[in-house]
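Thanks, everyone. I will go through one model today, with the sequence and the structure on the screen.

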Amino acid sequence: AVMPSPPPPQESLDGPRPTDVAGFVSLAATHHKLGQPRRAYLLYDEAMQAGVSAAPVYAAVTRSLLKLQRVDLALELQRVHGEKQLPDVRSATALLGALCRQRQWDEAAALVVRWESEAAAGVGTMSEAAPLGQAVCSTMVPTLALSHLRNGDVAGALPWLRRLPATAATAAPPMETLTELIRACGKARCLPGVYLCLDCLEAATPAREAVAEGEEKRGAEAQSAAESELMQALANALVHDVSFVTGGVSMATLPQIPLQEAAFVGRSNVGKSSLVNMLLGRRGVAYTSKTPGKTQQYNFFSVNPHRTQGEPGHFHLVDMPGLGFARVPAKQRASWRAFL
């Protein structure tokens, strides 16, 4: 039988102590491998006593503690380090994500508020404050909102979602993050959250367009794919179910339910039915054909029919007959115009 390798001798860790940043960073990694979170935590104080730069040691120890699932020690270390200087973006983001995964939302929120105010006040150097302030808006606030949504806490997510549009012009979340937020809002049936994500997208559009101008073709193609994915997420979030109601051909055959209606009017064969299908995120809801005039009645679809009357998102969508080039008799076209 092959015997397991013996663990490193304990006394090797009690020998000569490091005297520079590289030594403390290396020792933090060693404590991680050996599963020694308490020893890793104590390295920070030891580094301070040795006069070593705090920031890189804090980052290395935080990484080790989070990998060892000791969020409590990482949070305590942040409290100690935060009295001296701002954390680096990577460590702050990782700590916030770990707190959210454990649903320690109050602790996470307190950190975000503190970092935001300190970054705005210019605490620390510009190289520390500016990136942290941007990360709060573009990464941390969305992370908190997503954590609440994925755990079914819509009320807890909305205050964070409301903060997104105001800061989007300078520090917008990536489009992929907005897509995830929209998906989560859709699953949680949180329509206000979907609209807040759209407000954020609109506010961020000028900055995104300025960046896109300098992109290479491959970057532009990736951007197009990201936009398509976002549009699909929007359709899924806003439209949960669709049912055909009736094909109206006269006033007597139109639905009498007092619902809001969104009607698509246009010439024949310009893609109205295809547009309806795209917006609903479904294929084949509205019948499409290459032959002009295929739609010859007012097709009413009930969008989100299971919602109560008056609840947002419940409405009639109407696919109407085309005007102008339909290959039908003149008498038929005249009756359509009179009905319209």
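The largest pocket has a volume of about 390 Å³. A pocket here is an open set of points on a 1 Å grid over the protein atoms alone, where a 1.4 Å probe fits, with protein on both sides within 12 Å along at least five of seven lines; lining residues have an atom within 4 Å of a point. Grid points are joined across faces, edges and corners, and the volume is the space filled by probe spheres set on the points.

Of the 22 lining residues, Ala 235, Leu 238, Val 239, Leu 279 and Leu 280 are the closest to the centre of the largest pocket. The elements giving two or more residues to this lining are α11 (191–213), α12 (217–238), β2 (261–264), α13 (272–280) and β4 (315–319). Helices (H or I, at least four residues) and strands (E, at least two) are DSSP runs, numbered from the N terminus. Helix α12 gives the most to the lining, with 5 residues. By type, the lining residues are 15 nonpolar, 5 polar and 2 charged. Nonpolar covers Ala, Val, Leu, Ile, Met, Phe, Trp, Tyr, Cys and Pro; charged covers Asp, Glu, Lys and Arg; the others, Gly among them, are polar.

A note on the source. This is a predicted model, in which local features need pLDDT of at least 70 and side-chain atom pairs count only at pLDDT 80 or more, while totals for chains, interfaces and linings use all residues. Residues are numbered from 1 along each chain as its sequence is written, and side-chain values use heavy atoms, with hydrogens and water left out.

Now the protein overall. There are 14 helices and 4 strands, and 40% of the 340 residues are buried. Buried means under 20% relative accessible area, exposed over 50%, and partly exposed in between (1.4 Å probe, protein chains only).

Which residues have the most contacts inside the largest nonpolar core? They are Leu 65, Leu 95, Val 112, Met 140, Leu 161 and Leu 181, in a core of 68 residues. Such a core is a set of buried Ala, Val, Leu, Ile, Met, Phe, Trp, Tyr and Cys residues joined through side-chain atoms within 4.5 Å. Helix α7 (residues 126–150) gives the most to this core, with 10 residues. A second, separate core of 7 residues includes Phe 264, Leu 280, Phe 301 and Val 303.

Next, strand β3 (residues 298–303), where Ser 302 is found. Ser 302 is buried, with a relative accessible area of 7%. Leaving aside neighbours within four places in sequence, Ser 302 is in contact (heavy atoms within 4.5 Å) with residues including Asp 241, Val 245 and His 314.

Helix α6 (residues 105–120) has buried residues, among them Trp 105, Val 112 and Trp 115. After α6 comes Gly 122, with a positive phi near 75°.

Last, some backbone angles. Most residues other than glycine have a negative phi. Gln 69 is not a glycine, yet its phi is positive, about 65°. Gln 69 sits in the loop between α3 (54–67) and α4 (71–82), and counts as exposed at 59% relative accessibility. Arg 189, also not a glycine, has a positive phi of about 55°. Arg 189 lies in the loop between α10 (175–187) and α11. Is Arg 189 buried or exposed? At 54% relative accessibility, Arg 189 is exposed.
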